[in-house]
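The exercises below are meant to be worked through with the sequence and the model side by side. Try each task before reading its solution.

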Amino acid sequence: MRLEVSAQTHVMPFRDPFRIARAEDDRAATTVIVQLRLGALSGVGEAYPVTYYGETPETVAAVLPFLAAHLDGLGAPPADLAGTRTWLAEADARLGAAIGGHGAAKAAIDIGLHDLAGKALGIPVHALIGTSPDLPPTDFTIGIDEPAIVAERARRAARFPALKIKVGGPADLETLEAVRAVYAGPIRVDANTGWAPGEGERLVPELVRLGVELIEQPFPAHRIEDLRRLQAISPLPIVADESAVTIEDLDLLVGVVAGVNVKIMKCGGIGPGLAMIRRAKVLGFRVFLGCMEESSIAIAAAATLAAEADWVDLDGNLLLAHDPYAGIELGDDCRWRLGDAPGLGVHPRPA
Ligand SMILES: [Mg+2]
């Protein structure tokens, strides 16, 4: 019995232009939706390739059959929960050993296997992996734009208990002042590597004054000493995102930053994500659970980990004009509701 994998690339326009400090398409998100078949069982996964991390839809398409071949001989998931957890862990070990990098391609298979195994046992994925379905609320992210435009979007997003504001442009302070004028809750700032070294020292006192809650990835990923220097003088937690791709990156960041941002598309899926979160906590980090601009498939997958995180930023599907999948609902309290449906509980959205 071989794992059959088929992939389809989807271009998903954003509701509002979504610009960040690093170069990415600000009009549409491109994702790869992956169907898995193992005998009579099926599952759906998603790979959201980010060029910064070395992935494109083409690399995902090229790597998926290679990864699937490394699962040959794994067989079907056992009929019991403990056996199925061991089966998933074995699959993740094989995916991890098959090739370095390619976190999104690995995530697509990992997510699909969790969906498939949950359906086989008749339980939702959070029960499959043993996490709580009671989740912290998600924040809402706003991209870089003119300060007045960012403020208008912040006003529209007032129901969210926290906002994540993308910075790293020429008008960061002006933007944050404009947001603060219309929004009273915590503001999380993400520079996506976009600040020059001296900029952090200059901006931190202003960010404290404006009630910013945390600063994500101010400097380029490998500027570890710059991150350490800023954290040493910052009363706000510095959170590593681009510097914290997989579990292997955590040790280097101990004593450097207070927090790490874990994303299933960086580290390779639900299994690696849960392992990275738990290791990060053991090492004393506060954990931010983040996402890319994925459909409801990957957001539902990441949400199964949200109860383990200190801060949750799972809003990728909310940024899309047309989400090709449905099945996970955001409550009025901005907490994702994990239902009782087997697997991820997602399905193609009716046209
Ligand atoms: Mg980030």
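On a 1 Å grid over the protein atoms alone, a cavity is a set of points where a 1.4 Å probe fits but cannot get out, a pocket is an open set with protein on both sides within 12 Å along at least five of seven lines, and lining residues have an atom within 4 Å of a point. Grid points are joined across faces, edges and corners, and a volume is the space filled by probe spheres set on the points. The model is predicted, so local features need pLDDT of at least 70 and side-chain atom pairs count only at pLDDT 80 or more, while totals for chains, interfaces and linings use all residues. Residues are numbered from 1 along each chain as its sequence is written, and side-chain values use heavy atoms, with hydrogens and water left out.

**Exercise 1.** Find how many cavities of 30 Å³ or more there are, and describe the largest cavity.

*Solution.* The count comes to 2 cavities of 30 Å³ or more. The largest cavity has a volume of about 160 Å³, and among the 18 residues that line it, Lys166, Lys263, Cys291, Met292 and Glu293 lie nearest its centre. The second largest cavity holds about 60 Å³ of space, and its lining includes Met1, Trp87 and Leu113.

**Exercise 2.** Identify the residues that coordinate the magnesium ion, and state whether aspartate 190 and glutamate 216 are buried or exposed.

*Solution.* Asp190 (OD), Glu216 (OE) and Asp241 (OD) coordinate the magnesium ion at 2.0 to 2.3 Å, where donors are N, O and S atoms within 2.8 Å of the metal (3.2 Å for Na, K and Ca), and sites may look incomplete since water is not among the atoms. Aspartate 190 belongs to strand β6 (residues 187–190) and glutamate 216 to strand β7 (residues 212–216), 26 residues apart; helices (H or I, at least four residues) and strands (E, at least two) are DSSP runs, numbered from the N terminus. Both aspartate 190 and glutamate 216 are buried, that is, under 20% relative accessible area, with exposed meaning over 50% and partly exposed in between (1.4 Å probe, protein chains only).
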